[in-house]
Amino acid sequence: MPIFQYSFPTRIQFGAGAVTLVGAALKEAGKKRALIVTDRGLATLAPVTATRESLTRAGLEVALFSGVWGNPVKSQVTAGVEAFRAHGADCIVGLGGGAAIDVAKAVLLMSNHPGDLFDYEDEKPGALPIDREIPYWVSVPTTAGTGSEVGRSTVISDDQTHVKKIVFSPRLLAQRVFLDPELTLGLPAAVTAATGMDALTHLVEAYLAKGFQPLCDGIALAGVRLVAQGLKRAVEFARRIDHGEQALLHDSEHVEARGQMLNAATMGGVAFQKGLGVTHSLAHALSTVCDLHHGLANGIAIPYAMSFNATVSSERLTDLARMVGAREQSARGFVVWLEELRHQLGIPGDLRAAGVKDEHVDRLVSIALADACHANNPRPVTEADFRALFRQALGPS
Ligand SMILES: [Zn+2]
């Protein structure tokens, strides 16, 4: 019998106002000079102001690096390392969506490891070892989706080729995580929907993934229930706020729904150490070929992918149907629930509506097939299966 590994080491603090604790945490760890790594779009907004205030109040010297945007590329990491050195920083606060948190991890790695970032690419022959303790850092997510705040890998693209490279090491885990739903209250409806579908896909795929990981299974199921309770509500609040009902921003039900989604996303990040599946291989190809937002791609694709899995994972899909309170407690019932949720969130029901065309299919198939995620899918996925899945998901011409 193989030996399995379960790793759940991160200390997490959740609650409205959790961001105010960041400064004290760094001070307690003996840190004096912090670099905040964040998205360009966040630089002047409330999450950065609140983090800066907390750090300053605790007596830390603070510098801001806000050179992260889009799909993060290596040159952003290089600039971040320069900012880290220029400030003489001894710690980092990774603040933002998955992109900012991934850049923070890569900056931490390159602040004290030699060579080039891509020399550390996961499973690359001759890759350099990640063998030094990286500087102290904490993560503060401002979206509820990727789960990168509790992840031990970072995805950075090549500036020229846009090929995504994964760098993985347990050393990249944040020492502390602060989940503050107030930081996510201002997210627009479309972003809330897409990132929420990413979180849901992590949970569902982790629950179905091959391997024996009962701790992850439990976390995945409870996370899916939180999505069922919070995602639609969060998107409804976001829609009304987008339309000018600012008074709803701090409504207690809004904060509660955001808190459910923030926890669900983090639980997804923890659970998918078990593995992901076919939906993520479809989504990775769609982002590479058609530049689709990762969460949107997952949101469109997941009902098709779970229909495909139903022949081998009927029992687990039925568990999920029960967990979300689907009308019919069966694999089919869960797929129908996914389709209805997708519709209620305003996510298109097929890829054509998102700008994908028939001529993209060949490239999509070859990239999805080469993607590592489907290796953990409960049903093996062949080239013909990928072609059929993309054809179905394209919808009628
Ligand atoms: Zn994802």
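This is a predicted model: local features need pLDDT of at least 70, side-chain atom pairs count only at pLDDT 80 or more; totals for chains, interfaces and linings use all residues.
Visitor: In what order do the strands of the open sheet lie?
Guide: Helices (H or I, at least four residues) and strands (E, at least two) are DSSP runs, numbered from the N terminus. Two strands pair if DSSP finds at least two bridges between them. The open sheet has 6 strands with parallel pairing, in the order E1-E8-E5-E4-E2-E3.

Visitor: Which strands form the edges of the sheet?
Guide: An edge strand here pairs on one side only. The twist from one strand to the next averages 20 degrees. The edges are strand E1 (11-14) and strand E3 (61-68).

Visitor: Which residue is the bridge partner of Val 93 in E5?
Guide: Strands of a sheet pair through backbone hydrogen bonds, either parallel or antiparallel. Strand E4 (residues 91-96) and strand E5 (residues 136-141) pair in the parallel sense over 6 bridges. In E5, the partner of Val 93 is Val 138.

Visitor: Which residue of E4 stands opposite Leu 35?
Guide: E2 runs parallel to E3, joined by 6 bridges, and parallel to E4, joined by 5 bridges. On the E3 side, the bridge partner of Leu 35 is Ala 63. In E4, the residue opposite Val 37 is Gly 94, and the residue opposite Leu 35 is Ile 92.

Visitor: Why is E2 described as largely enclosed, and how many of its residues are buried?
Guide: A residue is buried if 20 or more other C-beta atoms lie within 10 Å of its own, exposed if 12 or fewer, and partly exposed in between, with C-beta atoms placed from the backbone. In E4, 6 of the 6 residues are buried, so E4 is largely enclosed by the rest of the structure. E2 is also largely enclosed, because its buried residues number 6 of the 7.

Visitor: At what angle does helix H2 run to E2?
Guide: Axes are lines fitted to C-alpha atoms, for helices over the stretch in contact, and angles run from 0 to 180 degrees between N-to-C directions. Helix H2 (residues 46-57) lies across strand E2 (33-39), E3, E4 and E5. The angle between H2 and E2 is about 175 degrees.

Visitor: What is the handedness of the unit made by E2, H2 and E3?
Guide: A crossover is right-handed if, with the strands pointing away from the viewer, the path from the first strand over the helix to the second runs clockwise. E2, H2 and E3 make a β-α-β unit, and its handedness is right-handed.

Visitor: How far apart are the end C-alpha atoms of H2?
Guide: The expected span of a helix is 1.5 Å times one less than its number of residues. For the 12 residues of H2 this gives 16 Å, which agrees with the separation of its end C-alpha atoms, 16 Å.

Visitor: What arc do the buried residues of H2 cover?
Guide: The buried residues of H2 are Pro 47, Val 48, Thr 51, Arg 52, Ser 54 and Leu 55. The arc is that of the directions from the helix axis to the C-beta atoms. These residues lie on the same side of H2, because they cover an arc of only 160 degrees.

Visitor: Is Glu 123 buried or exposed?
Guide: Most residues other than glycine have a negative phi. Glu 123, in the loop between H4 and E5, has a positive phi of about 65 degrees although it is not a glycine. With 8 other C-beta atoms within 10 Å, Glu 123 is exposed.

Visitor: Which residues does His 284 touch, not counting residues up to four places away in sequence?
Guide: His 284 lies in helix H8 and counts as buried, with 24 C-beta neighbours inside 10 Å. Two residues are in contact if their C-beta atoms, placed from the backbone, lie within 7 Å. Not counting residues up to four places away in sequence, His 284 touches Ile 367, Asp 371 and Cys 373.

Conventions: Residues are numbered from 1 along each chain as its sequence is written.
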